[in-house]
Amino acid sequence: MSEFQLRELHDTEFPVPAEFQDNIAITSLSRIYNWSRRSSMWPMLFGLACCAIEMIATAASRYDTARFGMEVMRASPRQADLMIVSGTVTKKMIVPIVRLYNQMPEPKYVLAMGACASGGGPFKEGYNVVSGIDQFLPVDVYVPGCPPTPQALINGLIALQKKIDGQSLANLDDVPWYGVGPSDPVPIPVLAADIIDPRQMELIRQQAERTAAGVGAARALPQAALDRVQIERARAAAAKGGTTAIAAKSSAPSEPVDEAIAAARLARRMEALARKRAKDAQQ
Amino acid sequence: MTDQTLAPVQTGTIENAIEFLKARYPDSVKDDTRSGYSGVVVSKSQLVDVARTLRDELGFDYLSSATAVDYLGVSDHMEMVYHAYRTSGGPPLVFKAQTERSNAEVPSLIDVWPGVDFQEREAWDLFGIRFAGHPNLKRILMWDGFEGHPMRKDWREAYYEEDQKPFESRWPRGYIRRAEELNVYGRNVRYPDDLDLGALKDDSAEESLYSGMGLGVDVSAYETEGIKTDKLVVNLGPHHPSTHGVFRMVVTLDGETVLSLEPVMGYLHRNHEKIGERNAWLHNMPFTDRLDYISSMSNNLGYALAVEDLLASGARYAPPSYRAEAIRVLMVELTRIVNHFWAIGFLLNDLGAFFTPALYAIAEREKILDFFEATAGSRMMCNYMRFQGVAKDLPERIRSTANLLNDRVRDFNTMDYLTEMITERLPRAIDDLDRYLTDSEIVKSRTIGVGYLPPEMAIAYSTAGPLLRASGIPYDVRRAEPYSIYPDLDFDVAVRYNGDIYDRYLIRLDEMRESVRILKQVLPRLEKSQGESIFSGNKAIYMPRVPVGEAYGRVENPKGELGYYVVSEGDPKGPQNPWRYHVRAPSFINLTALGAMCKGHKVADVVAILGSIDIVLGETDR
């Protein structure tokens, strides 16, 4: 162990004589535990799509994750600490991914690499695409990019190391694995007519009942989004009345529509203001 | 090919072949008279006979592409489109079979060209066309039990907004909303009204996979040569370090020996084609980068060629300038070298030489990627080609921030950088690989004679690229149907004759050397054309009006023949989107031969054979 690293570990009020500081460190359990974990973070050898190529490039000689103790990529989830979700998560693939995650021993971390893993990316609208791995797994670090450059991935890994440094054994609520017993596994999605997340089962059942009874949606959709759709529809209808689609598109008569937006927005703001005032008055 | 007739194979032009077909099948073969279309329409009843005549008597032995188109709202029928080529070179004979949309059914051509196997399964999966006579017609990209056939024009995804981009909500007013907001589940899901939650099972999709194989998952004992062994079904993948991505093989083993192998794919099916048909023409360019993500530049070129083919029938088309073509060839050949370095490095990985050879092999790749980054702005997803040109000229200097050396950005003159790379660094790196690997006893004993693919099978399975040429078929699109400035360039089509893993490794070395030879000829052309326009004419045309019609553009990608089948349909004055955008992916079709190649080998060889095909999942699953 180098002198620099040992000095870095000092974490106590007890003074260590200067001549011993290169040989002795007095530190807290959290500190040394976090330090050893973040310095040997073994990623799972697991690539999904394009980002996996950049992940390999990051591990290769030019960028070299061995500098962070991360070069030991484990093919088995049982030996891995970190899942780098490198690429588009599809509905067909999320089932094995959740299984792999459940098989990783704690403490475990997830890094969403690139636009697809973070939120669906360019393929978000695709019928077989999950809009981000965070719909199923807890994500620790998001790395933007399509694909992120190796520098960006290394930056994300350093961010993860910082996050680990901040975790504490003393605070049992900090991360699940410092609490009592292992945390619950993530329920495994089911491939049916479309993918089914077991956590949404109740909502799906309600919706099916409501559809059968011929009443509306089971979940309240945000008013703002519905407003916007209505406005878009009104504009599209107005545009259809024009001479050609293109000409109408650019010069759509939009004043009444804009008024409608403004009125709706104002009404919502006034409502919110009233709520806030009522709350203030209570206090 | 036991049923091959001995009649002399006809040669001659496509017109001659069509005349011959029409004379032979006067009732079934009709010219495709739609404006912008070519080839013939064959009636379903005689499709197989016509195909057999094409293959045996007219010499169209290579079926490149088979895909479906849904003409809902145009003429309300479905259509299978086939592109057949002669391995001696030349243009395709395009033939089509039409069927009604409800109860769509077309006879399978699997007995004539086994290479249509996966392509017909894909058409069933995505379009719902049944193929009479297909022995294993089940879903290939989506899972069994999925609702509907998503590529049909009336099938709408959960996040559906409009048929065509740019969406009314985004342009010109720019109301942005998250797609999740309007979905009841807040997810990219949509369930049919009659979803039966009571009947859900965790592994229904898996069950149908195994039962479809006729295997079952139980282990049964049986006798071979007096030794009692167990028949065992083993899953390789989709998470497996050697499968080059999320590819899965279900292998039936007798001891260590492979009895049968079933590829299972779709784990990276991210709906390129559905999204591509919503996109405007140019929108698709960055999506092509993400097909074969190791060689994005050549994907770009294939798509640009296909659309230029359509544009050429319009009034205001001029081909790209010479400089644009020279830059394209430069990029594409560099990509080929990148890809083959990668393929060889990871083939060695698959042979068990874990990572050290791969690290050597991909070291030079970084230099090429620096050049790509400086030119196109991105290391991997270059999005560089445009219709009738390229996006930017080569930069004067390469100042790549990835090139930091002691916190200084290294700075090179582009032409010097290229010259050094092409004349010194790349040949040296190729020679290094050659020296370390070619005579290695371990490489030889693991690869020679393993995964043999006979030439007639390579053609029948529609394999392409190094896989086809290592089996002794000198078929290279750059020579068979030349594009860009390849006719001006002096190079040989690499060919090897043993058809095993070793030859597939050697042919990649050969091809890299040929690429260097091409690049050496491109350099003076770049010097000479400096200052010329990088487009046809003076101005870039980004959003062209694409005339109605069909086109098939194909290029010799590092992994094989990459083709784009595009159809332009609808109002030429309105917003312009592809009606059909199909990718003929070499990785996908090359896998058709995998099962046959692995039969009888040991399970450890399966991994090496797969590595020698060199697939990439972005392209396989699309």
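How many residues of chain A are in contact with chain B, and how many of chain B with chain A? In this predicted model, 73 residues of chain A touch 79 residues of chain B.

**The interface**

Together, chain A and chain B bury about 7,000 Å². Carbon and sulfur atoms account for 61% of that area. Polar links are present too. The rule finds 28 residue pairs in polar contact across the interface, both partners being at pLDDT 80 or more. On the chain A side, helix H8 (residues 223-240) supplies the largest share of the residues that touch chain B, namely eight. By class, the chain A side divides into 44 nonpolar, 14 polar and 15 charged residues.

**Salt bridges**

Side chains of opposite charge can pair when their charged atoms come close. Over all chains, the structure holds 56 salt bridges. Between chain A and chain B the count is six. Two salt bridges are set out here.

| Lys or Arg | Asp or Glu | N to O distance |
|---|---|---|
| Lys124(A) | Glu180(B) | 3.0 Å |
| Arg379(B) | Glu54(A) | 2.7 Å |

The bridge between Arg379(B) and Glu54(A) crosses between chains. Arg379(B) sits in the loop between helix H10 (363-376) and strand E12 (385-386) of chain B. Glu54(A) belongs to helix H3 of chain A.

**Helix packing in chain A**

Glu54(A) also takes part in a helix contact within chain A. Helix H3 (residues 50-59) packs on helix H6 (residues 150-165) at an angle of about 75 degrees. Their axes are 9 Å apart. Angles from 65 to 115 degrees count as roughly perpendicular, so H3(A) and H6(A) are roughly perpendicular to each other.

Which residues of H3(A) and H6(A) meet? From H3(A) come Glu54(A), Met55(A), Ala57(A) and Thr58(A). From H6(A) come Pro150(A), Leu153(A) and Ile154(A). The contact has five nonpolar residues, one polar and one charged.

**Backbone details**

Chain A has a cis peptide bond between Glu106(A) and Pro107(A), with omega about 0 degrees. Pro107(A) is in the loop between helix H4 (91-103) and strand E2 (109-113). The peptide bond from Cys146(A) to Pro147(A) is also cis, with omega near -10 degrees. Pro147(A) lies in the loop that runs between strand E3 (141-143) and H6 of chain A.

In chain B, Asn103(B) has a positive phi of about 60 degrees, although it is not a glycine. Where is Asn103(B)? Asn103(B) is in the loop between strand E5 (93-100) and strand E6 (105-107) of chain B.

Notes: Residues are numbered from 1 along each chain as its sequence is written. Chains are lettered from A and ligands numbered from 1 in the order in which they are written. This is a predicted model: local features need pLDDT of at least 70, side-chain atom pairs count only at pLDDT 80 or more; totals for chains, interfaces and linings use all residues. Side-chain values use heavy atoms; hydrogens and water are left out. Contact means heavy atoms within 4.5 Å. Buried area is the accessible area (1.4 Å probe) that two parts lose on being put together, summed over both. A salt bridge is a side-chain nitrogen of Lys or Arg within 4 Å of a carboxyl oxygen of Asp or Glu. A polar contact is a pair of N or O atoms within 3.5 Å; within protein, one must be able to donate a hydrogen and the other to accept it, and residues adjacent in sequence count only if both atoms are side-chain atoms. Helices (H or I, at least four residues) and strands (E, at least two) are DSSP runs, numbered from the N terminus. Ala, Val, Leu, Ile, Met, Phe, Trp, Tyr, Cys and Pro count as nonpolar, Asp, Glu, Lys and Arg as charged, and the others, Gly among them, as polar. Axes are lines fitted to C-alpha atoms, for helices over the stretch in contact, and angles run from 0 to 180 degrees between N-to-C directions. Angles under 35 degrees count as roughly parallel, over 145 as roughly antiparallel, 65 to 115 as roughly perpendicular and the rest as oblique.
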